[in-house]
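Please examine the sequence and the three-dimensional structure shown below. The explanation that follows is written for a reader who meets this structure for the first time.

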Amino acid sequence: MIDGRGDRGWVSWWRDAGPLLRVFAAFGVWSLCFVSLYGLQAVLCLDAFALSPAAGKASLVIVWLAYLALLLLMLLRSLGALRKRQSRRYNSLLLDEAAHRFLRRLAVIMDAAALTVAAMTGLPVVFIKTCA
Amino acid sequence: MTQTLSPWARHRALERDWGSPKGWRSLSAVNHTVMGKRFMLAALAFFLVGGILALLMRAQLASHDSAFLDSELYSQIFTMHGTLMMFLFAIPMLEGFAFYLLPKMLGARDLAYPRLGAYAWWCYLFGGSILLIAMLLGLAPNSGWFMYTPLAGSEYRPGINSDVWLIGITFAEISAVCGAVELVATILKVRAPGMGLNKLPVFAWYMLVTAGMILAGFPPLILGSILLELERSLGWPFFDVARGGDPILWQHLFWLFGHPEVYIIFLPAAGMVSTMVPVFAQRPLVGYVWVVNSVIAVGFLSFGLWVHHMFTVGIPQLGMAFFSAASMLVAVPTAIQFFAWLATLWSGTVKWGVPMLYLAGFLFVFVIGGLTGVMLALVPFNVQVHDTHFVVAHLHYVLTGGLIFPLLAACHYWLPHITGRMPSGRMGSVAFWFIFIGFNLAFLPMHLTGLFGMPRRIYTYVQDMGWDALNQASSLGAFIQAVGFAIFLLDVMLFSRNGPLAPRNPWKAGGLEWAMATPPPSYNIASQPQVMDREPLWATPALGAQMAAGRHWLAQPSPGHRQTLSVDVVTGTPSAVLHLPGPGWLPLYSALTTAGFFLCVLFKLYAVSLGFAGLTLVLFLFWTWQGVVSARRITARDEVRLPAHGQVAGAPGWWGMASALIADGALFASLVFGCWYLRLFAPGWPTSGWTPVPWSMSIALCAGFLFMGMSAGRAGLAAFHEQTGRARGWLAATVSVSLLLLAGIAVLAVGMPDPTSHASAAAMRVLSVYMGLHAGLASVMAAYVLRRSWDRRAGIALDLSILRLWLRYTAVSGIVGVALLMYFPGVAL
């Protein structure tokens, strides 16, 4: 007999959709990184802030590196989760586990892609003068 | 138990429950097959009108100094061509395909919310009709499909032409957002048992990402349209520089929608390609996981490209570099999909047929559009060809290549499914060559016309510019293409009535949609299969017969009920039985009252429009009240009994509300962005006349919102422990606090400066209306759940979980709103 009752609240919600949202998370972080860099380069150019170009660039580079570090951490964690789970071979025979394993693989690829994309889209910070 | 009925008896029993009414009562139909076809037919009608407008434009531009059309008419025609094709053809056509196909591909009997699908169709039809009728009356919008301010403002466009666009498009976009909510909930929750995310048909992945993009991408334009309409009608100056506004804000809001829109159009079509290519290669798609990865990546990256439409408006160099980099990067995941298709074809045994011909055309045309896209991502080149015919050529290569060719392939491919008859291979091939040659003749020279400096949107040109021959070639190509489309339509119309009967699964496909009779019965499948493979029909060719014989899930009809399974998001394990509503008039009535609201706004009858808004709300409440389902457990298969969907956590209704809140959140984020943008870059800020919100009022409002965020959780907890009285007490308190909040916000709004005086006052008024609207709706929803708690037919667990989402969102957005009202306009940076 399948028991269709579930828990209420965030726990059951996360159990239901968490692995899928984890797949999207890395590009969510990239989106924040992109918005932060674009927003900051505009805001820092305002007269009110009066930051020197060097200070402006330094601020942007720090923000960019912080996001890269976060994405790298996410990638390492998803890689670790993949390796740990794959060592438990018996699980792979289960139908449910196949879906979860698929999502873990997907999460690793997404994390790596988001890290690369964040590195590429932020690269102009290093080469182009702020407020030009 | 499942063997007690013969297949024929089962068919008749299911048809009684699922069949749609005939004759004029068919207007009350809600079935996804019917709604999908209606979307497709209406979109085709809009496409034909848009195509005729394109031919008129090409006739005008075929020769220099042409007087075939005058400037005003030409402006209306190019505006309507873009508007019809982008808003009323492309997305609705793809949504129509998705509505029709997805439940069948997912092994389900219908979409998650059939009535919402019907409402979406009516909204789309009414919204589109507003635009078409205006065009017939000579009042069509005439500022371009992008409605740039100040050109679209009341100073330069004093008539109602721009209002028609803003109202009609907003109305039609409601349809798209409803469709997206429907698709997200369906793909995640309404599938066949065993269909985990690893076995999801690839088209469903594409549509899931597309639906998410619609939820996040359409609200910025909806907000922009509301703001521009407020400026035009009430004089609230969001885009007026003299009073603290900025016309560039419109461009940001428009392209925040506009660039993702291109991918919203491309991705479903690419999903069709990813579905068809393996069938014609007779092997599974190469790199399924990489394709899924690239689709998600495109979905996100497409939101980081919008400024490449604005490289010439004065963005700082560094900002442009970010968008240039992102614009080039998006080519990578797109290329991954391309290589997956090529690898699939390369490693398979390709069967040539008309759909494959169109797919080959797609691969050729879209690559050219993609490459010119990378060229346009480069700032210096972009600046050089900005607003020239090069951009027109690029966008048509992308959209025709990325949409029309896959769509034509899909029409040929799924026509036997829809009509039960095979189209003509010979006529299909002739049509293809006309369309392919005509298209390239029309748009390839346009790259040169643009490089030679011909601006877009000009209605005529003089003789000595050197553009004549190229324009004549383009015009000739457009008419050849039109002949091709006429042959295509003739083929479809003739053969869908008189063509040879289609055999079961004529293309030898592996997808579940081919496991049913064609044309499909109203209930799709007699029993829901246990899915074990990504291409179920390739793994189990007899699956269709097994399903018809009732050997799988929900084989026993339940008279008077429309049942389908609801599953766990990740694994596809069945969790509940979903009870779906049958035909009804509420979607049509609700769409009519919504249309009444929009028409009253168009004709400035604001008091009446509020009446229509209230009526729509009442109809929605009736609508949800009808959704009461029995609490009993239902036998889903032999020894398996499942609860009704309202009894389990994460029911489709919860997902629908969560999806709707994503759209709501995107609208609010766009509003906050707009306020900040004006605050930072528009002249005349901060305003001297601003009076900050008093501390006491701010604290009271924040406390109210905090209580609201917490109260539904407490009510849910009490209900879970069967403390009925306490649960009702919390709900009653929520109603009271919501009303108090509404009153407080109203007092605040009344004390604000005149919104016509400055953009800051207008922005703050809009913010307070947003907060007030949410608080008001919270009180209505809480009162509804409170009243429903006396209904003994069903528990209120699902209602409470949906209410909790709304209240928490309202609380968070409200507190952010109060903070903005307190600190924002008067503070100098």
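The paragraphs below proceed from the overall form of one chain to its contact with another chain, and then to individual residues.

The structure is a predicted model. Along its principal axes, the C-alpha trace of chain B spans about 80 × 75 × 50 Å. A compact globule of 829 residues would have a radius of gyration near 28 Å, and the 27 Å of chain B agrees with that figure. Of the 829 residues in chain B, 63% are buried. The contacts within the chain may be described in terms of sequence separation: among those between residues at least 6 apart in sequence, 82% join residues at least 24 apart.

The next subject is the interface. Chain B contributes 60 residues to the contact, and chain A contributes 53 residues. The area buried between chain B and chain A is about 4,800 Å², and carbon and sulfur atoms give 76% of this area. On the side of chain B, the residues that lose the most area to chain A are Phe300(B), Leu318(B) and Phe322(B), which together account for 15% of what that side buries. The elements of chain B that give two or more residues to this side are the helices α5 (161-189), α8 (288-301), α9 (317-329), α20 (652-681) and α24 (797-823), together with the strands β2 (574-580) and β4 (640-642). By class, the side of chain B that touches chain A has 38 nonpolar, 14 polar and eight charged residues. How many salt bridges does the rule find across the interface of chain B and chain A? The number is zero. The count of residue pairs in polar contact between the two chains, with both residues at pLDDT 80 or more, is also zero.

Side chains of opposite charge can pair when their charged atoms come close. In chain A, Arg22(A) forms a salt bridge with Asp111(A), and the closest N and O atoms are 2.7 Å apart. This pair links distant parts of the chain, since Arg22(A) belongs to helix α1 (residues 10-43) and Asp111(A) to helix α3 (residues 95-122), 89 residues apart. The two partners may also be described by their accessibility. Arg22(A) has a relative accessible area of 25% and is therefore partly exposed, whereas Asp111(A), at 0% relative accessibility, counts as buried.

In chain B, Asp387(B) takes part in salt bridges with two arginines. With Arg456(B), the closest N and O atoms are 4.0 Å apart. Arg456(B) lies in the loop between α14 (425-451) and α15, and Asp387(B) in the loop between α12 (379-385) and α13 (389-419), so that the pair links parts of the chain 69 residues apart. With Arg457(B), the N to O distance is 3.1 Å. Arg457(B) likewise lies in the loop between α14 and α15, so this pair ties together parts that are 70 residues apart in sequence. Asp387(B) counts as partly exposed because its relative accessibility is 29%. Arg456(B) counts as buried at 17%, and Arg457(B) is partly exposed at 28%. A further group in chain B, consisting of Asp163(B), Arg232(B) and Lys604(B), is linked in a network of salt bridges.

Several features of the backbone also deserve attention. A cis peptide bond joins Thr149(B) and Pro150(B), with omega of about 5 degrees; Pro150(B) lies in the loop between α4 (114-136) and α5. Another cis peptide bond joins Thr518(B) and Pro519(B), with omega of about -10 degrees. Pro519(B) is located in the loop between α15 and α16 (536-539), and Asn505(B) is found in the loop between α15 and α16 as well. Phi of Asn505(B) is near 50 degrees, a positive value in a residue other than glycine. Leu554(B), which is not a glycine, has a positive phi of about 50 degrees and lies in the loop between α17 (543-548) and β1 (562-567). Is Asn505(B) buried or exposed? Asn505(B) counts as buried because its relative accessibility is 12%. Leu554(B) is buried as well, with a relative accessible area of 3%.

Leaving aside neighbours within four places in sequence, Ser475(B) is in contact with Arg58(B), Leu61(B) and Ala62(B).

Technical notes. Residues numbered from 1 in each chain as written. Chains lettered and ligands numbered in written order. Heavy atoms only, no water. Contact = heavy atoms within 4.5 Å. Buried area = accessible area lost by both parts, 1.4 Å probe. Salt bridge = Lys/Arg side-chain N within 4 Å of Asp/Glu carboxyl O. Polar contact = N/O pair within 3.5 Å; in protein donor to acceptor, adjacent residues only side chain to side chain. Helix = DSSP H or I, 4+ residues; strand = E, 2+ residues; numbered from the N terminus. Nonpolar A, V, L, I, M, F, W, Y, C, P; charged D, E, K, R; others polar. Rg over C-alpha atoms; globule rule 2.2 N^0.38 Å. Buried < 20%, exposed > 50% of the residue type's maximum accessible area, 1.4 Å probe, protein only.
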